[in-house]
Every structure is written in C-alpha cells, then in structure tokens.
Amino acid sequence: MAKLTLRERFKKGAEGSGDSLRGSKFATSIFRPGSPFRKGYSDSPRNRSYVVMNNVLYHLHPVKVKRHGVRLSYTLCLGGMSFFLFIVLTITGIWLMFYFRPTEMAYADIQALQTSVAFGSLVRNMHRWGAHLMVLVVFLHMSRVFYHGAYKAPREFNWVIGVILLFLTLFLSFTGYLLPWDQLAIWAVTVGGNMASYTPVFGAQIKFGLFAGLEATTATLLRFYVLHVLFFPFIIVIFMAIHFWRVRKDGGISGPL
Amino acid sequence: MVDIPEHLLLRSAEARAKALGISVEQALAEMKGESTPTVVAEEPEVIEIDTPAPAKAEVPAPVETPVTEEEPAKAEVPAPVETPVTEEEPAKAEVPAPVETPVTEEEPAKAEVPAPVETPVTEEEPAKAEVPAPVKAKAPAPAKDDSPEEVDFAPEVKVTQRLLTVVKAKPIQKASAEPVDKVNTWPHLMLPEFISLMAMMAFLIILSAILQAPLLEEANPNITPNPAKAPWYFLGLQEALSYWDPQIAGVMIPLVIGLIGFAAIPYIDRNPENNPSKRKYAIMMFTFFLAGAGTLTIIGVLFRGPGWNWTYPWIDGIWFDDLLDWIYFE
C-alpha cells in the first residue's frame, strides 16, 4: 500500500466528513428539506429558490424580483438601509442600556461609558451617528419613492404607513436626544417641547404629558427613556412589518418608469 | 432504462391484460420485452355485447308490468303525492314528472301495455301518454329478477368517457398584468444588498471612530444657552417659528402639512402616470417643498446665532453645539 502524504491524508479525511453531520437527525431537524445546508449548494434555479425559501430572514424577499428593481441606481437601497440602520441601532442600543440609568446618574453614566467601558465611546458614537443617518436615509427613501411615483395605486396606503414610519423615526430620534442629559440634550428637548405646546387647544396638556411636568427634569428623562427604548421601537416594528408586507402584496417594487 | 418497481409493473400488466383479454403473465412478459406485444386488430366482444344491449333496453317496461294495477301502484306510492287533484290537464302536460303519480293506481305503463281498463280518473291519460320517460325509469324498479342495468351500459373497455359539454377555453383567473422580466432574488438582489449593507456598516464604524459624539456639560435648567437649538431635523421648523405665528409655524406646518398633507399625497395626486415627464406639477411641488425645508434647516443650523440673529458661519462661527462639538474635535 502506497504511503499517503500528510496532505493527501487530510484530503481523504475531509472527503465526505460533513455528510454524516449534515445527514444526522439533529442537523436535519434544524434545516428544512431543500435547504442548502442539508444537501449542499449547486447553482440551479431550484436551489436559488431554496436559498430564499428556507431562511426566515431572506424570506422577507420573494423568490424572484423584477429585473429593473435590482439595479442599485433605482432604489439606492435606501429602504433596506433604513431597516439595516434600525437593526444596528437596536443592537447598539441594547448594549448601551447595560451602562445607562435614566436618573440623575445619567450624565455620569455617559461619561463613564466613554472613558472606562471598552468600546463604549465607539458604540455610543455609532448609536448617535446611526440615528442621524437613519433620519436622513428614511427621508431620502421617502423622496426617492415620491420621485418614482411609487405611492400610486395600488401602493397608496403603504405610502401612508411610510409617512407614519418617518414620524416614528423622528420621535425615536427626538426621545433619544434627551438621554445623554447634557446641556445640548435638555435644551434641544425644551425647544422641541415648547414647539409642541403651540398645539391649539391641548398645547399645555401635551407639553405637560411629554415632560411629566412643566419643564424637563429627571421625570422627563425617565419618560423619554421608556418611550425611546420600549414604546416607540414596539410601535415602529409593527408598522415596519405592515410596510414590508404591503410592499410584497402590492406587487413588489414599482416601476419601471 | 429506469427500473420500474415490481408492484407498479404488475399493476400496469393487470390493466393491460384486462384491456387486451390476455393473461397477466403474458402481459407482464410483453412489458418486460420477453415476448412480442399483442396487437389488437379489433374488439369483437365489444361489438357482440353491443347488439343485445338495445334489444333488452327497449322492452323492459312492458315486460315487467303485465301484472295487476297494484304492483306498480305500490312502487309509486312513496313517490311524490303532492298533486292529488287531477282536473288541470294543461298543468300536467307542462310538468310531466309528477303527473303519473297522483291519484291513479293504474299505471303509466298501461299507456304502453294494452290494458287501461279501469281508468278511474280519465283526464290524465293523455298526459301520461305524452310522458313515457319517467315511466320507464320506474318500471325497472319492481323487477327484481331481471337485470336491465347491466346491459344499459356499454362495456367498460369500450367507453371510458363521454362528452358532456364543450366549454370555451377561457381561464378562470384573468391575468391582467403583463408578464414581467424577473430575476432570482438570490443572487441578483441579495448580493448587492449585502454589499451595500457591508458598505454602510463600514461607513458607520469609520465615522464613529473619527467623529466623537457631542457631550456638553451636565444638564442645568438654570443656565439657558443662547441660542437654544432643537435637533437638526426640527431646526427648519424652529426657523419657521421665527417668521410666523407659532400657531401656524408650530402646528400647521408639522401637523397639517407634514403629517396629514404628506399622508394624503396619493389621494390628492390621482394622476396614474409615474413617468417624470408626465407628472411635472407633482414633482415641482415636492421639489419646492424639499428646497424650502432644506433651506430653512440649513439656515437654522448654520446661520442663526445668539438671539436667533443672522450670523455667517465663516465669520461668526457655528452656533449649533451638535455640530460644533465634533467639528472642532482634534
């Protein structure tokens, strides 16, 4: 028997070594029939469909999309970017929650986060710039949709959902603005709250409800914190789900122009 | 050649044997290619079964009803009794089916059989004569010994289907949309998506590594900065507030124009075109709005200083702490 080199022995050992694992009951219980993780992937129309169908995240997409819609110059990927930024903000936001108390300790917590937590400054920066970017990208997405006339029948209502999402994005950003509890935060929010107090009949009540008092205090901080980390994310996820669902139900991307 | 499972082969051999009138073993051998296939020239048995069939079918009714009146009467009693009154002849002529049932024990069959002696209700007789079809249908029922049903049908080998009606070839669902040129989501959409996602992530991380987010001194309600500015996306609004009455600028613009007006765009703009050259008015309006909002925001961010007075950023500096803090970050 010929002696195998080390390299050949490795190669021989690696051959089919994944098969028993892939074929095991445990693996087949995880991956659905047809999943590339069961049988391996070879490029065929059938497998291209399976990639999309057998993954819960990719399943947001249909198996096939209009050819003109995949051009980057058509959508600029702005809707997808909005969603992606939302995910980034959720992850970094959860991370930041570990180091933050919405009390009079808030400012000290931010300082400690920036100076004595590993990557604290980076993650905080990502959260803040990401939030600004998201407002910008959502707004650009809306403009893109307008210029393509994509709000027209049958997509009228999805445009309405989109406008609600834009406002929810603004509310999310605005409630987050107060949380660092520095001079920039408190006075920006005071200005914003004063604008809300110009509402005709209920102006004073709205401001009082928003601030949990007559001016921005730590009670306001707690209120904005809960709105920021729980209430608005909860609402926006519901509207996002409707938005994505309607995109598909209304026939995918609009156009071509 | 593909291996056909034994049980499937056997089943089709049985079917073939039945169809050709040969033994199952022979059919099996033929299908396996071990003997030459039987060629069926004509189906003699089919023809000979056909001939007796009409002969019997024609005479069933008279055959079974030579007996007295009671027998068919019994057969009919459970059947509809709802029209017991016999006077209206024309009505009966119109509705043939229940006609023969009502009163008479004497049988429709008698219309064909020569013994209509009793005729208790005479008016019906012509009606009965007109409608022999239901008569025949009933007549076989009491006859147990005879078996006309078997010969009513042609042998199964011969007739397996019949034409009921001709339906025009029209789809149930009308496809109104033109077929569109589509590509697979994987990889044609997901790959660009993944790349732009990675690019955005890289951009955000690099941005966050370079630019420090602002953090001023701790919040102090007693020290009001001058100017006090809202977040940048509200600064256009704050700028508008300095021109107009707050009732208008603070409420009408964001609520009526911003929320309600924007949401109502698809219901206001009923022009179905989405080609930019055919919706110039809508595009012009929206661009005006964008330009106005952008101008106000830029003015609010860069050109407003203490007391909301006009300043030039290149002369007086930037009076927006959100921007200021990281622009001068060293």
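Helices, taken as H or I runs of at least four residues, and strands, taken as E runs of at least two, were assigned as DSSP runs and numbered from the N terminus. On this basis, chain B of the predicted model contains 20 helices and one strand. Of the 330 residues in chain B, 33% are buried. Among the contacts in chain B with a separation of 6 or more, 51% are accounted for by residues 24 or more positions apart.

The size of an interface is often given as the accessible area lost when the parts come together. For chain A and chain B, about 7000 Å² is buried between them, with 70% of this area on carbon and sulfur atoms. The contact draws on 73 residues from chain A and 76 residues from chain B. Between the two chains, 36 residue pairs are in polar contact, both residues being at pLDDT 80 or more. On chain A, the side that touches chain B receives at least two residues from each of helix 5 (45-53), strand 1 (64-66), helix 7 (78-97), helix 8 (106-116), helix 9 (120-147), helix 10 (156-177) and helix 11 (183-196). Helix 9 of chain A provides the largest share of this side, 18 residues.

Thr185(B) counts as buried because its relative accessibility, 0%, falls under the 20% cut-off.

Side chains of opposite charge can pair when their charged atoms come close. Over all chains, the structure holds nine salt bridges, and four salt bridges are found across the interface of chain A and chain B. In one salt bridge, the side chains of Asp322(B) and Arg128(A) meet at an N to O distance of 3.4 Å. The pair joins two chains, since Asp322(B) lies in helix 20 (residues 321-327) of chain B and Arg128(A) in helix 9 of chain A. Both Asp322(B) and Arg128(A) are buried.

Salt bridges also occur within the individual chains. In chain B, Arg16(B) forms a salt bridge with Glu30(B), with the closest N and O atoms 3.3 Å apart. This pair links distant parts of the chain, 14 residues apart, with Arg16(B) in helix 1 (residues 6-20) and Glu30(B) in helix 2 (residues 24-31) of chain B. Arg16(B) is partly exposed, at a relative accessible area of 28%, whereas Glu30(B) is buried, at 7%. In chain A, the side chains of Asp109(A) and Arg101(A) meet in a salt bridge at 2.7 Å, N to O. Asp109(A) is buried, with a relative accessible area of 8%, whereas Arg101(A) is partly exposed at 43% relative accessibility.

The surface of chain B also carries a nonpolar patch, formed by Tyr243(B), Trp244(B), Ile248(B), Met252(B), Leu255(B), Val256(B), Ile257(B), Leu259(B) and Ile260(B). Together, these residues present about 820 Å² of accessible area. Tyr243(B) is placed in the loop between helix 15 (232-241) and helix 16 (246-263) of chain B. At 41% relative accessibility, Tyr243(B) counts as partly exposed.

How values were computed:
Residues are numbered from 1 along each chain as its sequence is written. Chains are lettered from A and ligands numbered from 1 in the order in which they are written. Side-chain values use heavy atoms; hydrogens and water are left out. Patches are made of residues with over 30% relative accessible area and no salt bridge: like charges are joined within 9 Å, nonpolar side chains (Val, Leu, Ile, Met, Phe, Trp, Tyr) within 5 Å. Accessible areas come from the Shrake-Rupley method with a 1.4 Å probe; for residues, only the protein chains shown count as cover. Buried means under 20% relative accessible area, exposed over 50%, partly exposed in between (1.4 Å probe, protein chains only). Contact means heavy atoms within 4.5 Å. Buried area is the accessible area (1.4 Å probe) that two parts lose on being put together, summed over both. A polar contact is a pair of N or O atoms within 3.5 Å; within protein, one must be able to donate a hydrogen and the other to accept it, and residues adjacent in sequence count only if both atoms are side-chain atoms.
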